[in-house]
Amino acid sequence: MFELQQSGNGEEGLPPAQTKDGSLDRYGKPAVRGRTGGWKSGLVLWSQGLVTLPFYVLEASMVLFTKSVMRQTNAEAESTFNLWMGTVYLCSLVGGFLSDYLGRFLTSIYAQAFLTVGFGLLSASAHALLKPHGCGVIGKLCDPHAPLEVSMFYISIYLIALGNGACESVLATFAADQFDEEDPAEKQSKTSFVWYFVISSNIGCLISMALLVYTETESTGNWLPIFWISTGCVITALVFLLSLTRRYRHFKPFGSPISRIVQVIVASLRNRLRLLPVWLCTVWSSVAFMQMPSLFTEQGAAMDRTILHFRIPPIGMIAFDIISTSTLIVFYDKLIVPLHIKLMKT
């Protein structure tokens, strides 16, 4: 354990190399600045991008897959997608509950392990679902499936929902834990790191839209290579996350999440539910956001998407949201924030 130094006013203070926010290293000792955390933990960004890429491939193409491969109607395909996405969001709560007991790092590891198993099972089940050869494209349905084949498909996508939902709610917070909030320099870096964490997600999503999904929907139903590439991505993401285990900073688990929820409710009541309008706004924005990967994809499939002899895939409609969001984040971080700081100093 580190020895405490005596400060000038007679009070005991922390050694200069030790973080001030109470973060710990992998052995449970106070984290040392320079040896843990910081930008050298940047592989978390790569891990997030690699997790996002296959998930958005599945999210954006599920409506088309369930229609052309699983032989569902438009209404059935949208219902399947909405139930699945609702499960993803509910599993975010599961990730939060688990992180209060296991810690954010272990929860992220287990979540990505579920993702890996889910995509592996999906890739294996696709071999049985894609019959006859070349089916699974618009206008060419696959043969009816046996109950076991359908069950494997649903088990795989809900394992992916559990893994992605839990990982999405925990990994971002774990990435932010790598910066000391009490240190001015690291506090500024933490803000930038969080923005780039979002950008890494958007880049993974954009790559999935621009490359993988185009091959998947516009050629001869090449779902199998795309699913196996997705499986390889989540395996690589898990390896990246594990590779810097010695450098990560951790915080002690908080214990029972029920008590924390009660504390939040009590605090909200004391503040006269000032957060309630914000929560209600997020509900309506989520309703609109959910239309992009389902309704927009169906509309794109019915549109003439040819521009200068280039045929845009239906799922490419979502790329407009990704590009605009990433551009605004960089614009905010590189122009608006520095300008605001400069104006506040004058």
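I started at Val-69 and listed its contacts (heavy atoms within 4.5 Å). Leaving out residues up to four places away in sequence, Val-69 touches Leu-64, Leu-129, Leu-130, Gly-136, Cys-142, His-145 and Trp-223.

The model is predicted, and I took local features at pLDDT of at least 70 and side-chain atom pairs at pLDDT 80 or more, with totals for chains, interfaces and linings using all residues. Residues are numbered from 1 along each chain as its sequence is written, and side-chain values use heavy atoms, without hydrogens and water.

Next I looked up the nonpolar cores (sets of buried Ala, Val, Leu, Ile, Met, Phe, Trp, Tyr and Cys residues joined through side-chain atoms within 4.5 Å). The largest has 34 residues, and Val-69 is among the members that touch the most others, with Leu-58, Phe-65, Trp-84, Leu-122 and Ile-160. Two or more residues each come from helix 1, helix 2, helix 3, helix 4 (147-176) and helix 6 (223-243); helices are DSSP runs of H or I, at least four residues, numbered from the N terminus. Helix 1 gives the most, nine residues. A second, separate core holds 17 residues, including Ile-109, Leu-171, Phe-179 and Phe-197.

I then checked Gln-112, in helix 3 (residues 104-129). Gln-112 counts as buried because its relative accessibility is 1% (buried is under 20%, exposed over 50%, partly exposed in between, with a 1.4 Å probe and protein chains only). Beyond four places in sequence, Gln-112 touches Ser-47, Val-51, Cys-167, Leu-171, Ala-237, Leu-238 and Leu-241.

Last I looked at Thr-73, in the loop between helix 1 (43-68) and helix 2 (74-102). From Thr-73 to Val-63 I noted 9.6 Å, C-alpha to C-alpha, at 10 residues apart in sequence.
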